[in-house]
Amino acid sequence: MKKQLTIEEKLQNALVPKEEQPYKIPSNWCWGILGEITSVIGGGTPSSKINEYYDNGDIAWITPSDLSNYNNMYISKGKKMITKLGLMKSSAKLLPKGTVCLSSRAPIGYVVIAKNELSTNQGFKSFLPSKVFKSEYLYWYLKSIKHILEAKASGTTFLELSAKKAGEVEIPLPPINEQQRIVNRIESLFAKLDRVKELIENTLAQFEQNKMAILHKAFTGELTAKWRKENNIDLSSWEKIKLGKVLLPMQTKKPTGQFFRYIDIDAIDNKRQIVKAPKLILTEKAPSRASRGVETGNILFSMVRPYLKNIAQIDSDLSDCIASTGFYVCRCKPELNSRFLYYLFIFDKTIDYLMQFMKGDNSPSIRKDDLLNMKIDLPTIEEQQEIVNILDNLLAKYNKIKNLEQQLEKIELLKKAILAKAFRGELGTNNPDEESAENLLKEILAEK
């Protein structure tokens, strides 16, 4: 027979020992262990082979995929519903309103609160409502420690946060009224930041639309119509030609010396189409894909997921680097201006054309022949240079606007800073005279 614990023993199990507490919190807060102050519930999936488990189901059932691009705090249902029989014949559980659901695999860290009774698949670890914490407080806390949750995950085929590990999560617990004030403060500050974010995103979207309109004029001849008239030539001087005809073969280059600088696809800033930071790698640990030689002026075009526009031009500071075989490294013949090619690659119509050749599920890619066989309208080298001059001048004025993307990054960093302060009691909302959270926790444990 299992020994009945005293209230003091229960409290001791529920609290993080002082010497193990992650950081200092206000004196009327306490560090609790989630699995000791609430129940951690897994999910389940009824067999897809039995129609009766799904047909005309009236029980909400969510999976992590339902939370992809889902930005609301509360959720009422997913894409599928299950029946009472499906619930009974699987390991899925009916969770009460207010349950905090955390995706525990593929990916780890999506968080929502049940708006009503619902169930989940096994990709969740859910925390039942408790008098010790506000569901909204736990929601924001879990979002703030995504990196910690990921670090606790394990597995070979895929990473998963087990119920045991989820139950070991340590949480700073303020008095219940302070939790509500923290939630209110977070949501107020985030609402202001989101309004700024929306304005920036709208400005950037308008810029991108204007940019594509300018590029359209460039590659249809409209941008240089005046220049052609002044030089007594017309559009018949443009030649339709396969891109491969005006490119030199790629160069193979193997790493030498103790270290080398490596440009992989992750090194590309695909918002600004530049190489943001080559990796410095020990030559003895060189990846097998590190074998593309680059020179000043070369254009890197990622063959993997071309729609992401991982494109960049090599400047003199990068000419000693080695690039991944995931890129086609374009070395232009004298009749093709490399900057002209760069602008052609970032033009949406070029990307749309190449996307039709993508193959593969996990990393859809195009082949080099798809790129080399692409037909382009090529002006004379003189007109290419004129187009480049005009584009460089027109698009330079948007540099300050493009810098707004850095402001978006700052907004996300500000949100992280706000959450970090919130769970340290540094938002200026704490009332030290309120009864301590530890006393409330003790009262709740006494009721169990």
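Modeller: I call a residue buried under 20% relative accessible area, exposed over 50% and partly exposed in between, with a 1.4 Å probe and protein chains only. This is a predicted model, so local features need pLDDT of at least 70 and side-chain atom pairs count only at pLDDT 80 or more, while totals for chains, interfaces and linings use all residues. Residues are numbered from 1 along each chain as its sequence is written, and side-chain values use heavy atoms, with hydrogens and water left out.

Colleague: OK, charges then: how many salt bridges does the structure hold?

Modeller: There are 21 salt bridges in the structure, where the term stands for a side-chain nitrogen of Lys or Arg within 4 Å of a carboxyl oxygen of Asp or Glu. In one of them, Arg-331 meets Glu-295 with an N to O distance of 3.8 Å.

Colleague: Where do Arg-331 and Glu-295 lie?

Modeller: Arg-331 belongs to strand S21 (residues 327-332), whereas Glu-295 sits in the loop between strand S17 (290-293) and strand S18 (299-302), so the pair ties together parts that are 36 residues apart in sequence. Helices (H or I, at least four residues) and strands (E, at least two) are DSSP runs, numbered from the N terminus.

Colleague: What about Lys-146 and Glu-150?

Modeller: Their side chains form a salt bridge too, at 2.5 Å from N to O. Lys-146 and Glu-150 are 4 residues apart in helix H5 (residues 146-152), so about one helical turn separates them. Lys-146 is partly exposed at 34% relative accessibility, and Glu-150 is partly exposed at 35%.

Colleague: Switching topic, where is Thr-38?

Modeller: Thr-38 is placed in the loop between helix H2 (34-37) and strand S2 (40-41), and it is buried at 7% relative accessible area. A polar atom of its side chain lies 2.6 Å from the backbone oxygen of Leu-128.

Colleague: Now the sheets. In what order do the 3 strands of the open sheet run?

Modeller: The order is S5-S3-S8, with mixed pairing; two strands pair if DSSP finds at least two bridges between them. Strand S5 (80-82) and strand S8 (119-120) are at the edges, each with a single partner strand, so one side of each has no neighbour in the sheet. Strand S3 (residues 59-62) pairs with S8 in the parallel sense over 2 bridges, and Ile-62 stands opposite Thr-120 in S8.

Colleague: In what sense do S11 and S22 pair?

Modeller: Strand S11 (residues 239-242) and S22 are antiparallel, over 4 bridges, and Ile-241 has Ile-376 in S22 as its bridge partner. Strand S22 (residues 375-378) has Ile-376 and Leu-378 on its covered face, with Lys-375 and Asp-377 on the uncovered one.

Colleague: Last one: which residues form the nonpolar patch on the surface?

Modeller: Tyr-307, Leu-308 and Met-355 form that patch, with about 240 Å² of accessible area together. Leu-308 lies in the loop between S18 and strand S19 (311-313), and at 36% relative accessibility it counts as partly exposed. Patches take residues with over 30% relative accessible area and no salt bridge, joining like charges within 9 Å and nonpolar side chains (Val, Leu, Ile, Met, Phe, Trp, Tyr) within 5 Å; accessible areas come from the Shrake-Rupley method with a 1.4 Å probe, and for residues only the protein chains shown count as cover.

Key:
A polar contact is a pair of N or O atoms within 3.5 Å; within protein, one must be able to donate a hydrogen and the other to accept it, and residues adjacent in sequence count only if both atoms are side-chain atoms.
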